[in-house]
Number of protein chains: 2
Amino acid sequence: MVTIGEIARAAGVSISTVSKSLNGYKEISDQTRNRVKKIAEQMGYTPNAAAQSLVLKRANTIGIVYEVESGLKNLFFAAVLESFRKHIQSKGYDILLLSNNTESKLDYLKHSHSKNVDAVLVISTDESYEAVKKLFNSDLAVLSLDPKEAIHNTIYSDSYSAIRKSCNYLYELGHRKIAFINGSYQNFIGLERLRGYLDFMKEKGLEPLYLKNRSNESYTFHEGYQTMKALFEAYGLPDAVCTVSDLMAMGAIQFFNNHGYHVPKDVSIIGFDDLDICEITTPQLTTIRQDYEEIGLRASEALIEMLDKHIRMLEPIVIDTKIVVRDSCLKNTKY
Amino acid sequence: MVTIGEIARAAGVSISTVSKSLNGYKEISDQTRNRVKKIAEQMGYTPNAAAQSLVLKRANTIGIVYEVESGLKNLFFAAVLESFRKHIQSKGYDILLLSNNTESKLDYLKHSHSKNVDAVLVISTDESYEAVKKLFNSDLAVLSLDPKEAIHNTIYSDSYSAIRKSCNYLYELGHRKIAFINGSYQNFIGLERLRGYLDFMKEKGLEPLYLKNRSNESYTFHEGYQTMKALFEAYGLPDAVCTVSDLMAMGAIQFFNNHGYHVPKDVSIIGFDDLDICEITTPQLTTIRQDYEEIGLRASEALIEMLDKHIRMLEPIVIDTKIVVRDSCLKNTKY
DNA sequence: TTGAAAGCGCTAACAA
DNA sequence: TTGTTAGCGCTTTCAA
């Protein structure tokens, strides 16, 4: 590793002149600056991030926190994170994975401070919500993707309208017995989705078919299967099922397959997320698309804005969704 | 952020005594060390990683490099990375995502040096293989998951035997017309899988049904679909299809669905990877399981060993696979 | 326009 | 057993 000291010697100038040249200070003459820059280039100089970080008190690094069990294997998070990474890195920031399942080390704030992390993207929170709260109450720039409450510094898809869109699509296909596979009753997004469903059903004068007492926390295939089973036992065969995740929708489809019903002929099912795998199942899944690319982009912009403008409070950022029609919903011909 | 200087003042000792106490030097008396530790604890001390990194010339950080288009969305990488992260973090290392699509910044080595990264896990390499080669030729501890050549410092599933296992399973079910959906002809793993197939078919005196001139680089659903199409056009309906990825297997299934054939009744298909989604498709996919957990664990152990023992050269680490039987293969009743 | 020097927080060699 | 101090590579204030 070549240092600015060696460049200084090679160029016959002082260390501070090199530093200023490299950092584009205008007080250095063009001639000197260009010469220094060229020499640095030739010598293959790369700044020592630790040294910079030590004096500047920032590391141009964004921390990522997630606590969902599946971790990186969660397709929704992976999609958002991939977009976020692309955009934030193009602005010169690196990404540090902060999550740790290690016993005592659940203190994200300490970890972030220790590593001089500038900002943190909280992808999902579970048990240790306290540790995340400490992040929010700190001096760090923080943004959360999956808030437990509708607080500031959050970014998410407009779930309420999304579910209404979803239900309305089924409604317009002629379905009336529309069951709902719910998500979490413990966090904001999950409750928003429920609210969307209940409001829609009420407005149309339809009876809501859902499970009041079953909160689903992981949005998995298995949860979808079990919830569909319970719904079926409670209400019989619906015309259509509105769900809060693609995997849950696929679980529901599996349930119907196993019980002699055909999707979409006997029952229509709509997902939520638009994961890549929607196209590889049979039937291909009609679903609500979350705009991962946009979420990642806006998250990166928001964090950078907070950093640049030294603000720490941000209104919630709400991203629009759209319906993606594939093969899992059909016109109702029963009535 | 409290510093060791403040602790020193609070404890009435010198800075170096604090440093040595905190780092467990035995030359400090138990009494002093414990007192210092307790005070540090009370004051909420966390070491400044940048300062440590600057003097120690390492950052307890492992860099991750990947260049595959899908990035984190690649289910295989996500699974390995999640396991790797878990294990490496339990040893006190952090993970820094080094990949960048930014124009000039493809120099992983410089980036690693700049960030004082101790070791690098190369998850996949594409175009910029040169940049990766520079990593291998550097002083860093490097391990690659998806080597282009069978070189040192690599870790991968035993693909040759895996495919033989796979073919043999189909063979023992009575299938003889066994087609092969190949992967890359440009890298080691892909060629190993082909070799496994060809050797097996030769030993059994069967005609290999595969595409000599079609190298598949991305192992996607779409590639699987297209390859199956070409195979079908070249050889007609096979008894069974051996594939090199679950997604390709699903692409093949889709192809058969679209052309009026039923999997597994008309044709058996076996995947490779054992992604989570194998269980959510219909039929559930019989496949070869790559032991992600083990790969991540062994990768972390290998890297740490290289760091601790100051070695940089490691024999290839080969991980065993096993077959996971689900519903996509059936006994052949044709003959 | 350039340079000298202090200092960021820490480790470790050396001195006491 | 503890303390003093140099120095890691860099930025930035202040002086020249």
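Analyst: The buried residues of H1(B) pack against helix H2 (15–22) and helix H3 (30–42) of chain B. Contact means heavy atoms within 4.5 Å. Helices are DSSP runs (H or I, at least four residues), as strands are (E, at least two), numbered from the N terminus. This is a predicted model: local features need pLDDT of at least 70, side-chain atom pairs count only at pLDDT 80 or more, and totals for chains, interfaces and linings use all residues. Residues are numbered from 1 along each chain as its sequence is written, chains are lettered from A and ligands numbered from 1 in the order written, and side-chain values use heavy atoms, without hydrogens and water.

User: Which residues of helix H1 of chain B are buried?

Analyst: Buried means under 20% relative accessible area, exposed over 50%, partly exposed in between (1.4 Å probe, protein chains only). In H1 (residues 4–11), they are Gly5(B), Ile7(B), Ala8(B) and Ala11(B). Down the axis of H1(B), these fall within an arc of 160 degrees, so they line one face of the helix. The arc is that of the directions from the helix axis to the C-beta atoms.

User: How many helices and strands does chain A have?

Analyst: Twelve helices and eleven strands. Buried residues make up 57% of its 335 residues. The C-alpha trace of chain A spans about 90 × 35 × 35 Å along its principal axes.
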